[in-house]
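Thanks for coming. I will go through one structure today, starting with its cavities. Here it is.

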Amino acid sequence: MNPEAPDLGPLYEAAARARATRHRRLLLIVDGLDEDADADQNGCGIAGLLPKHPPYGMRVVVAGRHNPHVPLDLVSDHPLRSPGVVRQLTDSPAARIIRDSAMQELKALVKDPAVGSRLLGLLASAQGALSGQDLADLIGIPPLEVEEKLRSVVGRSMAPTRVDLLPLEAQLQAEVDAGLQTFVLAHTELQKVALTALGRTTLAACTMQLHAWADGFRAEGWPEDTPNYLLTGYTRLVRESADTGRLADLVLDPRRQLRLTERSGPDVALADLDFVAPSSSSPSLSTAARTSASRELLVPHVRPLPGAVSRTIARLGDVHRARNLALASGSAAATADNLAGVAHVLAAIGNKQAAQTARDAAHWSRTALTATGSRDYATDEAEAAAGQAALALLATEQERDGLALLRSTRGSSTARNEAYAEAARMLPSRRPELLDDLEEQAETLAAEALEGDGTGAVALALWATVAAADDTRVNRLYDRVLQHAHAVWEAAPTLANIAVLAATASFLSQARPQEATDLVGTACRHIASTVLGDDPLSAADAFHLEFDFRHTLAALARARDDVGAVGDAWAVGEEFDDVLARVETLLPSERAFPDASDDNDASEGERLADEAFRLADQGDDSEAERCLEQALVLLPSAGTATGHAPVWLPDLAGALVRAEAAGDLEALLELAQSPADRTRTHAAVALAYADTGQSAKAREHAREAALGAALRSAPNAHWPFAAQALAAVGDAEAALALIEQQRPPADRSRRAEWRKTDRSTRIAVAAELGPIHPQMSTDLLLPLLEQLHAGRAAPRSQGILVRLAELLPATPQSIGRSQELTSEVKAEALNRMTRGGPPTWQPEEVLVHALLRIGDGHDPGRQLNWLELDMRHRGTIHFPVAALAVLHAARGDAEAAESVASRIPDPRRRAAALSAVARHFTRIPARTLPGTAPARTDPFTRNIQHLALTVTPSASADRRTAAHFLSQALNTSGWYHGLPVLAQVEPRAISPVRNILLVHTRAALDRRPSR
């Protein structure tokens, strides 16, 4: 045998044959392959002697640690390279021998103060994986020397790892070649021993060295060569140190966020924000504001990935990253759906985070269900997601919660129905009960369809789901479906109800083909007589033909195909084809869509992602990663931020002035690109300067706002804010001129909205002019008061108190007859409330009435009771909940105010309510809104805020309570509603928000393609 190239194949075959003659199998056991001293970069060692294809009757069992890996020169298709042959062994008492060997290696490191102990100290302190280049930079030695130390005998204690290697698609060998391979201590036991051996002083020094290293890269703005460790593992080190200030400064650094987004994806940057979420017991308003601002500015970078990506990553073992990707899915429904998929994977592999992930999916599905409103497409998506979340709860043994969530859905989507069927399969003992639920829902929908409320095809889908899940019900359901189809058709033989005939025919095609054929024939003949006949179409049929008939024809074509060649189906088919060709000429042309090459890439990416999950589920991790890499090329993980100014830019600019940080203002004003943005932003700054007594700067910005409002190159609906700013700085003539320049629109349908804007602007200008030009203020207000006074006694006049509340901010400085008119209107409105009693009350009027009672020294208990009852009846969507919360605050009942505000499901509306309450407790004046602004409370709530302050003049500011409400508001997606209060409560928190906005927006603008 050639010792330079030994061939043991003949010996293996001979030994296997010898054992076969005795009816035995040859078993070759190799233990400790990782300790093979001959397996270096120049040879394959023992691994190279093992048979690539063992002869018949031979098996090979190899044992060893994960690291070092198999020799680099081993042939690529050798079985040792296949992850499918790997079996994880449980711990053995024999491991003590290995541990003793590792301890000796650690002692050797500790005794080498020049390199070894420093390497060990950094690895033990880092809480993450450091690359060879990182260690070389930190210790100050050539990378080759670090590599030699790690490849020596101690290399078995320092395992190469892919932990904290951000590029998901990176392959281990490519990482080695690029010098990116990272190292951690191989065992937790070694970590403990290293900590003991080095001592606190050495470890503290290593930790400080890592902090200083990070500080250097932070000072440079986190450049492109920032080590991966400082973007990932270092975050864990700072968290472990309990230094909340350093942690907040790290993860809320906008330049680091952008570098992390570019390097790894926005899901990782968004997940980091969870580490600094303030606790309710010790609110950090600055941290909350920075966190929410960062989250809003990072979200546009997210391009949601197919659920197969997060499922694959979960199956590959990176649960944290899988959850982060699912949480960055965009909509609440998509987040719920992807989290449910991850939960199923975790449950299948026995991961302890499966149950919590399922609960998170359920939470997001409830959020989606609450937010859908009346949008049918969104409801179907949300209910499908809720169905998947319910199944995830069932899969993680949370049966009660899973069934409760499933039963909370009431949609008709296929996905929702399939979830019900799957739940019945998963819970055999509950199957009859669940299928009975579906049948009951189907009967309700069928009855509604016969009454003209809904479509009859929805009930059919539910019956079909039940039939597919339970064979014992099939024949009865065939009869019921056929009966329903005939009843619907007899009640209303319309083009829309052809879909019912088609769905019934498809359902019956296999079991009752003749009846199915008859239904198709009926539908076809009706189309011929109705669409192709001489009689005019009904309004309903004409509408259906114009907008939805192609879908109906497609359903009928499927039914014809499902029926097949049975009975007279051939004749029906020929008749159908003829009718279809003639009807096609009458239908509106189909809309042409642009080139969909990008969509084709996305579809291929989704296919590859599905394939990656299949491979990972089979244990072929290497092929799964390769396939996932190809998918990610077609499915980039990051979207593109627009660089547009956010809706809260005006409030942030005004807050900077009020926080005495106006030196940071100019760069912020440059972000206002459109005339409308410039108008609102300069107007907000002018008001802030006016409130702080800086009249010269206030006038300067009011004029800038007026210039923006005067531009006619584009529609500008924000001129009322410019008029208010001009009035606030005392330029009454300019403010009035701007109002008079606005003419009624030629389009009559827009005139009501124009009159509303004109009225609110006049009130806002009058309120600003009152203290400095009372006569001009009165002249503006008097026509509005006279109009209200004239209609006060009209029998059908309603809402007098609400319209009076709109005028009240401008009445304190009014003179002459306006005061008399105000008193008379108020008296008449209150008398109406008393005479009419609760049956005639409306919530807005009752809120004003309650506050007026407080101002008169009376208890509004009766009004409050009515408002609480009315809110329960109407629901929070159709009730002025924020105004009710302010009413409770005016009574000094912070607990009731919080309880009311917390009932608002929409986070932005909830934040507006919480901020309004915080504003009241801070005693910040509530300026009249001249128009609607997306980042501010609605005009009615603002009027209630003003009235609440007016009727409680002796109340003092309660900043602690205000901070409590503000903290809750800042931790929602509507956080920006709290900016004006934040400037008053914690002024130093405003500038950091400005810095975050500037960095993100400028980076987005820099990425814009040049024109």
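There are four cavities of 30 Å³ or more. A cavity here is a set of points, on a 1 Å grid over the protein atoms alone, where a 1.4 Å probe fits but cannot get out. Points are joined across faces, edges and corners, and the volume is the space filled by probe spheres set on them.

On provenance: this is a predicted model, where local features need pLDDT of at least 70, side-chain atom pairs count only at pLDDT 80 or more, and totals for chains, interfaces and linings use all residues. Residues are numbered from 1 along each chain as its sequence is written, and side-chain values use heavy atoms, with hydrogens and water left out.

Take the second largest cavity, at about 40 Å³. Its lining, meaning residues with an atom within 4 Å of a point, is P650, R680, A683, A684, L687, F721, Q724 and R936. Helices are DSSP runs of H or I, at least four residues, numbered from the N terminus.

Next, the cysteines. The whole structure has zero disulfides, a disulfide being a pair of cysteine sulfur atoms within 2.5 Å. C206 is buried at 8% relative accessible area, and C627 is buried at 3%. Buried means under 20%, exposed over 50%, partly exposed in between, with a 1.4 Å probe and protein chains only.

Last, S284 sits in the loop between helix 12 (266–273) and helix 13 (285–298). S284 is partly exposed, at 26%. Its C-alpha is 9.8 Å from that of E986, 702 residues away along the chain.

Key: 1 Å grid on protein atoms, 1.4 Å probe; cavity = no way out; pocket = protein on both sides within 12 Å on 5 of 7 lines; lining within 4 Å. Helix = DSSP H or I, 4+ residues; strand = E, 2+ residues; numbered from the N terminus.
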